[in-house]
Amino acid sequence: MGQSPPVVLGRVNSLCDSFTFLSSSAFISGEGFRDQIAVEIVDYTAELPDECLAFVFQFLGPGDRNRCSLVCKRWFRVDGWSRHRLSLNAQSEIVSSLPSLFTRFDSVTKLALRCSRKSISLTDDSLLTISIRCRNLTRLKLRGCREITDEGMSTFAKNSKKLRKLSCGSCMFGAKALNAVLDHCANLEELSVKRLRGIHDGAEPIGPGAAASSLKMICLKELVNGQSFAPLVVGSKNLKTLKIIHCLGDWDSVLQLIGNRNQNYKENLNCDINYGSSDSNSNPLMEIHLERLQVSDIGLSAISKCTKIENLHIVKTPECSNYGLVCVAENCKLLRKLHIDGWRTNRIGDEGLIAVAKHCSNLQELVLIGVNATHVSLSAIACNCSKLERLALCGSGTIGDTEIACIAAKCMALKKLCIKGCPISDIAIEALGSGCPNLVKIKVRKCRGVSSDAGEWLREQRGSMLINMDACDTDCGFEASVSDIGVHETGVEVGQVTAVGASTSSNGRLALLRSKLGHFAGRNLVACTLRRWSNCDDNLNINL
Amino acid sequence: MLLSKNSALESKDNEIFEVEESIAIQSELIKTMTTMVNSKAYVNERNQMVPEARCRKQANYHVEQNNKIVDEELSDWESKFFEVDMDDLHELFMAANYLEIESLLNGVTKRVGDFIKACKNVEVIRQTFGINNDFAAQQEEEIRKLNSWNHI
């Protein structure tokens, strides 16, 4: 850390000794007393070197830092030179305050300029002033700076050679601006572009420019002309993270170009026998998020050539099916995190997930939304992905008690589980009571079949676990109908669920569900079913 | 005086106390000193080079305690350890900084930060830390105006 030793101020020391009794806050709060001894108040921070004070400020947010800057001249000074991160209301009126702001804050490296929709933002001139005053800017975030033009960004870029991260959202400049940044900021590592209004049809393509080797993360969101970014995405040869969210255009071809980059490396390899391990030439992409895009199994097949992928999100891409997922699973064996939102199109299901189970033994995190997975694939995953720590199952009509029982019995490493909007019942909770030995956190939401009793019971069973469950009694709509039916069975059949204080409505609901779920309702039957599955799974394991 | 595994540290008020060497060298300052001088000259040098006040002794004692606790209990112990009044906190801060003990310094600065966060306004901060307001009224006004440009 390199803190310099303090300069011991002898004068202050003697003050400390003489006036120690004054240092208790009780004395200082007395108004009249304070006036008398105003000169001799002990300044606790006087002995601390400036660096220490700056270190304290680092832990404070901008509001607190603003207050600190008003305490005294010394604090004002220290706060000024130690504020490296600044976020400003980027309205046009700020222009007259910019010189004072950047005289006071002369070490800013991370700057955010935010303008609300109701105001007119600062202009190119202001941005130029900022770029001249902040020579060491490494990060810039622009939000709603609608007055900044292509020229303004270009000038800024020329003055900001040290820029490593740029994030712009809801701005009006276009392709020229981005190309200027990419041409001048050769150290750019992260680029995030959201809702850029200035990119029209026929806009110039956006290429990686001087940042082709430095770019590690690209995020494109809500862009009308996604295709303009193809050269950027394909040409950034050291790209590790790619996120494309809700952008128009056909992304299969772009992904194919990325995937084929790997093959080009290989061709070059043949000429050079000094190349080391095969790892050195494979595509460095490790994380891909595809969300609400026109991408199909062709795109997924292309991604499968990026064998180092560890984190994959396939969200609301209805043209992707099991075929594409199988392709990815077979080739991307390092997969650790997988998020699939099938949007209930039922094109991704057990088949794809079984392939994941078979090939991706490093899987740590799995999120399935609107995916019709059944115990067949979940069992395979539970058995073969022995490192699975986090699992979320949401909005799926096929995730029921049998699926949860399966997970409970087999997911040994599971730490966090979330179940949302699935047709499970208290039986599933019961299974979790004794399964998943490493579970520390569970969240159950909008599962109408689960009563609050079950939550209470689970708390008693697994005291150390963090349990977050809906109070389903209030959420569920069929209270009235249940009491009309007038079923009175007490909840004994659901095993150890304590019926103390249980309302008849919740018992009635259990009974109703039991009749609805038919043969799955009985506890004994669940045990039988589990035994049956474990036999099946033995077979499954042998085949795998 | 310098035992094999233990370091003998003498404070300004002439108290000698032993700590395990591994703990003693958590202080960057002591670490540097031990590498710079040989053991014989050590004790003599130390008398002069370590002008300690009572607080230094406290710091060493607490650092020792710090190292005895296992990780799980550490955060609990730490939060209690730093729940002291401004006087003690001040002494700890000075000690941590002078002796260059990183973990102690981190804990103390966070705690001081907590003190600041708990203050509702600038005047309360001044009172808590015993600081005189040396601004002219107009200067304060200018600063407030600039502060208003901060997006919070």
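Q: How much area is buried between chain B and chain A, and what share of it do carbon and sulfur atoms give?
A: About 4,500 Å² is buried between the two chains, with 64% of it given by carbon and sulfur atoms; buried area is the accessible area (1.4 Å probe) that two parts lose on being put together, summed over both. Within chain B, the residues that lose the most area to chain A are B:L146, B:W149 and B:H151, together 17% of what that side buries. Please keep in mind that this is a predicted model, where local features need pLDDT of at least 70, side-chain atom pairs count only at pLDDT 80 or more, and totals for chains, interfaces and linings use all residues. Residues are numbered from 1 along each chain as its sequence is written, chains are lettered from A and ligands numbered from 1 in the order in which they are written, and side-chain values use heavy atoms, without hydrogens and water.

Q: How many residues of each chain take part in the contact?
A: Chain B brings 45 residues and chain A brings 50 residues, where contact means heavy atoms within 4.5 Å.

Q: Which helices of chain B each supply at least two residues of the side that touches chain A?
A: They are α6 (86-99), α7 (102-118), α8 (122-129) and α9 (137-147). α7(B) gives the most, with nine residues. Helices (H or I, at least four residues) and strands (E, at least two) are DSSP runs, numbered from the N terminus.

Q: What makes up that side of chain B by class?
A: It has 17 nonpolar, 16 polar and 12 charged residues. Ala, Val, Leu, Ile, Met, Phe, Trp, Tyr, Cys and Pro count as nonpolar, Asp, Glu, Lys and Arg as charged, and the others, Gly among them, as polar.

Q: Why is A:E403 called buried?
A: Buried means under 20% relative accessible area, exposed over 50%, and partly exposed in between (1.4 Å probe, protein chains only). A:E403 has 4% relative accessibility, so it counts as buried. It sits in helix α17 (residues 401-410) of chain A, and its side chain reaches the backbone nitrogen of A:G400 at 2.9 Å. Leaving aside neighbours within four places in sequence, A:E403 is in contact with A:A373, A:T374, A:H375, A:L378 and A:T398.

Q: What makes helix α4 (residues 50-57) of chain A mostly covered?
A: Six of its eight residues are buried, namely A:C52, A:L53, A:A54, A:F55, A:V56 and A:F57.

Q: Why is the pair A:R77 and A:D50 called a salt bridge?
A: Their closest N and O atoms are 3.3 Å apart, so the pair passes the cut-off for a salt bridge. A:R77 lies in helix α6 (residues 73-82) of chain A and A:D50 in helix α4, so the pair ties together parts that are 27 residues apart in sequence. A:R77 is partly exposed at 44% relative accessible area, and A:D50 is partly exposed at 22%.

Q: How do you know that A:E222 and A:R195 form a salt bridge, and where do they lie?
A: The closest N and O atoms are 2.8 Å apart. A:E222 is in the loop between β6 (217-221) and α11 (230-235) of chain A, and A:R195 in the loop between β5 (190-194) and β6, 27 residues apart. A:E222 has 30% relative accessibility and therefore counts as partly exposed; A:R195, with 26%, is also partly exposed.

Q: What makes A:K415 and A:E389 a salt bridge?
A: Their side chains meet at 3.9 Å, N to O. A:K415 counts as partly exposed at 37% relative accessibility, and A:E389 is partly exposed at 22%.

Q: How many helices and strands does each chain have?
A: Chain A has 23 helices and 15 strands, while chain B has nine helices and two strands. Of the 544 residues in chain A, 52% are buried; of the 152 residues of chain B, 40% count as buried.

Note on methods: Polar contact = N/O pair within 3.5 Å; in protein donor to acceptor, adjacent residues only side chain to side chain. Salt bridge = Lys/Arg side-chain N within 4 Å of Asp/Glu carboxyl O.
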